[in-house]
Amino acid sequence: MSNLLPIVIDQLTKHFKSEPNLITAETRLVEDLQADSFDFVEVVFELETRLDIVIPDDFYTSKLKTVEDIVLALEEVIAQKQAALSNSTEVEGAAT
């Protein structure tokens, strides 16, 4: 798993005031952390700020059941951002 796992665990630990060793990739958001929709919005906002990304609205409605699901979704968002930046750099280079 990527280097995002410790970041997500740290953010969830802070948000839910939990012990870091109690949250793992397999931790279930609703069943284990008692997360509700408000928690999802807050945690996603905190991760956006921390990672300097914009997470699409469908992120909230996707099937995020575990901490690993969050990590995988974030990896996808970051990959899309990097691809967009790469494409814009290529276009700028071709224009000069």
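Predicted model: local features only at pLDDT ≥ 70, side-chain atom pairs only at ≥ 80, totals over all residues.
Local features need pLDDT of at least 70 and side-chain atom pairs count only at pLDDT 80 or more, while totals for chains, interfaces and linings use all residues. Residues are numbered from 1 along each chain as its sequence is written, and side-chain values use heavy atoms, without hydrogens or water.

Start with the elements. The protein has 4 helices and 0 strands. Helices (H or I, at least four residues) and strands (E, at least two) are DSSP runs, numbered from the N terminus. Their order is α-α-α-α.

Now look inside. The protein has 96 residues, and 33% of them count as buried. Buried means under 20% relative accessible area, with a 1.4 Å probe and protein chains only.

What does the largest nonpolar core hold? It has 24 residues. Such a core is a set of buried Ala, Val, Leu, Ile, Met, Phe, Trp, Tyr and Cys residues joined through side-chain atoms within 4.5 Å. Among those with the most contacts inside this core are Val8, Phe59 and Leu74. Helices α1 (4-16), α2 (37-51) and α4 (67-95) each supply at least two of its residues. The largest share, 6 residues, comes from α4. In soluble globular proteins, nonpolar side chains tend to be buried together.

Zoom in on Leu74. Beyond residues up to four places away in sequence, Leu74 touches Leu4, Val8, Leu47, Leu51, Ile53, Ile55 and Phe59. Contact means heavy atoms within 4.5 Å.

Finish with Val77, in helix α4. Is Val77 buried or exposed? Val77 is buried, because its relative accessible area is 9%. Leaving aside neighbours within four places in sequence, Val77 contacts Ile53, Val54 and Pro56.

Methods. Buried < 20%, exposed > 50% of the residue type's maximum accessible area, 1.4 Å probe, protein only.
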